[in-house]
Each structure stands twice: as C-alpha cells, then as structure tokens.
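Have the sequence and the fold open beside them as you read.

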Amino acid sequence: MDTDMDARLLERYLTHVRVEKRLAARTVTLYGLDLEKLSEFALQAAVPLTAVQNHHIRRWVAQMNAGGRSGRGIGLILSGWRGFYAWLGREGLISANPVQDVRAPKQPRPLPKALGVDEAMHLADHVDDDDDPWLEARDAAMVELLYGGGLRVGELVGLDVAPSDAAARAGRGWIDAQAGEVHVQGKGGKRRAVPLGRAAAEALGRWLAVRGQVGALAEASTSADAAKADRAGDAVLALFIGQRGTRLTAQSIWQRLRRRSLRAGLATPVHPHMLRHSFASHVLQSSGDLRAVQELLGHANIGTTQVYTRLDFQHLAKAYDAAHPRARKK
C-alpha cells in the first residue's frame, strides 16, 4: 500500500475543510486527529484509505468500543470519517462511502439524579429562620410545587395566581386552589392538571398571605401612572415574584433552590429538575403505576417515563443488599 498517497489525500482534505469550508482552526485540528486514527487502523489492516470497506469501519468501531471509548466519542469520529469519504467520492476516488450506514454504539441513558425520600422530605420541611420571612414563604412554596407536583422549572415560572384568558393565550398556567389543582402548559403546548397536595396548598396559602407586601405590587394597585401599572401588570398576575416585583426567572429559582438545599444540610446542591425526578421516582415506588406517572409528568411517550423504573429497581436493589441474608457479605 502507498502510505505517501494516503498522507497526501489527508493533507488535501484538511486543506479543503480549512480553506473552502472555512472551519475554525480547532475544528480542523480535531478532524486531523480523527483521520490520524483512521490512518492507523488502515495501516494495521494493510489497506489503502481508498480501498477501505464497510466491514473495515464496523470492525474498527467495535475495537474502539471494546477499548472503552464512549458512544458519543465514536460518533464524533465517524462523523469526521464520513466527511472525508464523502469528499473522496466527490473527487471521483471512491464509488461508495464505507461509513455511510455505520452508527456509533448506543450510549446507556444516564439515570436521572433524584433525592432519596428522606432527603426530599428534609428539604421540603426545612425552615430557614435566618432568611427574610417573605423569601422563606416564597421559596418553601416553590419547593412544595416542584417536589409535590413534579413541575418543570419553566412551568413553575409561568404560573399565575388565578386563571385568565390572557394566561391561556400566553401559554401560562395557574393555581386553582378551590379545585385543588395546578394547571400548567408543558412541552409542545400540551396542557395538564396536577393535583395540589395538602402540604403544597398550605405552603401556597402562607405565601399568598404575604406575597402582596412587595412594594411594586402595592404601588401597582394604587398608582395613577398608567405606564407604571402596565409594567407591574405581569407581576400582579405572576404567582412567584422577586423583591423588585417582577416575575421570577428560571435562573433565580435555580439559585434559590441551590442555596436552600445547602442551608438545609443536603450533601448535593439541588436543582429544580432533580425535584421533578424525585417526584416521579417516589410516586412510582409507592404506586407502581407507570401510566399515572406519565400523565402527572406530561410525557407524550411512555418510553420517556420508563427511565424511572430503573431508578425504582435501583432502590429495590439497595434494599435487597441491605436486608436479605444472601446479599450480606461475610
């Protein structure tokens, strides 16, 4: 085989992506590393780059996988190889792209991070006596809705204090305390109602009792300045607001939840989606009803919900290891 010819082809291709495709220098460098790997495999197999076949690519993918390279890493390498062989085809040097129908091994889907039941209850029951009582009431209500209702942070941000045509048109949700429900609009514009549990209802009651004390809301209700009242209009509707009287942002909720979890003594900083995962996992552990969890989470496909069965099995496996005589180490 002509290694010099292979080297010239690789150099021509890298010049092509750098000059004609105008890719960034770092991207060109990464392409070069991927093609070095291809060249090494081809050299070991004693086959010119232009004679590489589909079965060669599949064998090399299997070797990389066995060597511990991740599916994502292999996918990126294949993408670089695919581009190189597509270029060889346009240059008339090969008749078919040997990488075209080769895919990287599937990565195991990582388990969502969820709190244990005791940790979640500890966070929900935590009272920060050193915090501003207004902030403490608000943050406690947010935790109860995230963990008690499995809401996404975007759904929490979009909640209003009451239903309205404006909220429905804008894709926002609301609290219906009388019916004991939280109405949200999730992904894909799909609306759902989530039960408002006793603890969440009590926390919301405490929050709503002090919510109007923030200056911007009080000013909006009495101001003769129409522009000021309009600016505060969204805050008047928003369930969760900041101290400046504006609807709370997702970033602010992340920051407040992280702070609260650390002050509660949890080992891991908690983020909103971790409470959604905890909600789903704990409901499934108690009920075993996957369809109900799917409906509560607003998943269009039950396959998305099935990841929580792995968390449930993980919980059972830990219980077995701790309790069953045959699982105990001597």
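1. Let me begin with one arginine. Arg 263 is partly exposed, because its relative accessibility is 39%. Please keep in mind that this is a predicted model. The side chain of Arg 263 meets that of Asp 130 in a salt bridge, with N and O 4.0 Å apart. This pair links distant parts of the chain: Arg 263 belongs to helix H13 (residues 250–263), while Asp 130 sits in the loop between H5 and helix H6 (133–149), 133 residues apart. Asp 130 counts as exposed, at 69% relative accessibility.

2. A buried salt-bridge pair deserves a look too. Glu 155 and Arg 192 form a salt bridge whose closest N and O atoms are 2.9 Å apart. Glu 155 lies in helix H7 (residues 153–157) and Arg 192 in strand E4, so the pair ties together parts that are 37 residues apart in sequence. Glu 155 has a relative accessible area of 5% and is buried; Arg 192 is buried as well, at 10%. Coming back to Asp 130 and Arg 263, salt bridges that share partners place them in one network with Asp 128, Asp 131, Arg 138, Asp 139, Arg 256 and Arg 259.

3. How many salt bridges does a search of the whole structure find? The total is 15. One of them joins Arg 12 to Glu 91, with 2.8 Å between the closest N and O atoms. Since Arg 12 lies in helix H1 (residues 3–20) and Glu 91 in the loop between helix H4 (71–90) and helix H5 (117–125), the pair ties together parts 79 residues apart in sequence. Arg 12 is partly exposed at 42% relative accessibility, and Glu 91 is partly exposed at 39%.

4. Across the pairing, Val 182 stands opposite Val 194. E3 and E4 make a hairpin with five residues between them, and Gly 188 in the turn has a positive phi of about 70°.

5. Ala 46 has a positive phi of about 55°, although it is not a glycine. Most residues other than glycine have a negative phi. Ala 46 is found in the loop between helix H2 (25–44) and helix H3 (54–66), and it is exposed, with a relative accessible area of 57%.

6. Phe 41 and Trp 81 are an edge-to-face pair, because their ring centres are 6.3 Å apart and their planes are at 80°. Phe 41 lies in helix H2 and Trp 81 in helix H4, so the pair ties together parts that are 40 residues apart in sequence. Phe 41 is buried at 9% relative accessible area, and Trp 81 is buried at 0%. Trp 81 also forms an edge-to-face pair with Trp 60, 6.3 Å centre to centre and with 90° between the planes. Here Trp 60 in helix H3 is linked to Trp 81 in helix H4, 21 residues apart, and both are buried. Elsewhere, ring pairs link Tyr 13, Phe 84, Tyr 85 and Trp 87 into a cluster.

Terms used. Residues numbered from 1 in each chain as written. Heavy atoms only, no water. Pairing = 2+ DSSP bridges. Helix = DSSP H or I, 4+ residues; strand = E, 2+ residues; numbered from the N terminus. Buried < 20%, exposed > 50% of the residue type's maximum accessible area, 1.4 Å probe, protein only. Phe/Tyr/Trp six-rings, centres within 6.5 Å; stacked < 30°, edge-to-face > 60°.
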